[in-house]
Amino acid sequence: MQRRIHLRITGRVQGVCYRAHASDQAQALGLSGWVRNRLDGSVELVAEGDEPALRALVDWCHDGSPWAAVDGVKQEWADATGEHTGFQVTPTR
């Protein structure tokens, strides 16, 4: 069963290549979705795929890129919508 995770990552997560590394990690896990910076300084990520792969991505997000200092990872789980193909870094919003 395909699942969807919506994450909000806080801490020092902008200007530290967090999005690029998150995208690489999601692609390596075979997930689809997107990641973007938020104007409030957080990073937002939506991913869909197999639950074990999503859980592995969540685990990775707690550490993030080598230069990140993650304070928190808020999670919202749902059923997959199938709306995404591939994984993209999208513009800040």
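In which sense do strands S2 and S3 pair, and over how many bridges? In this predicted model, S2 (residues 32-37) and S3 (residues 43-50) pair in the antiparallel sense over six bridges. The hairpin of S2 and S3 has five residues between the strands, and Gly41 takes a positive phi near 95° there. S2 is also joined to S5, by three bridges, and these two strands run parallel.

Six of the six residues of S2 are buried, and the strand is mostly covered.

The segment after strand S5 (87-89) contains Thr92. Thr92 is partly exposed, because its relative accessible area is 42%, which falls between the 20% limit for buried and the 50% limit for exposed. Its contacts beyond four places in sequence are Arg19, Asn37, Arg38 and Leu39. Between Thr92 and Glu44 there are 9.4 Å in space, C-alpha to C-alpha, although they are 48 residues apart in sequence.

The structure holds one aromatic pair. The ring centres of Tyr18 and Trp60 are 5.3 Å apart and the planes are at 55°, so the pair is tilted. Tyr18 lies in helix H1 and Trp60 in helix H2, so the pair ties together parts that are 42 residues apart in sequence. Both Tyr18 and Trp60 are buried. Another ring, that of Trp77, has the charged end of Arg55 over it, 4.7 Å from the ring centre.

Note on methods. Residues numbered from 1 in each chain as written. Predicted model: local features only at pLDDT ≥ 70, side-chain atom pairs only at ≥ 80, totals over all residues. Heavy atoms only, no water. Helix = DSSP H or I, 4+ residues; strand = E, 2+ residues; numbered from the N terminus. Buried < 20%, exposed > 50% of the residue type's maximum accessible area, 1.4 Å probe, protein only. Contact = heavy atoms within 4.5 Å. Phe/Tyr/Trp six-rings, centres within 6.5 Å; stacked < 30°, edge-to-face > 60°. Lys NZ or Arg CZ within 6 Å of the ring centre and 35° of its normal. Pairing = 2+ DSSP bridges.
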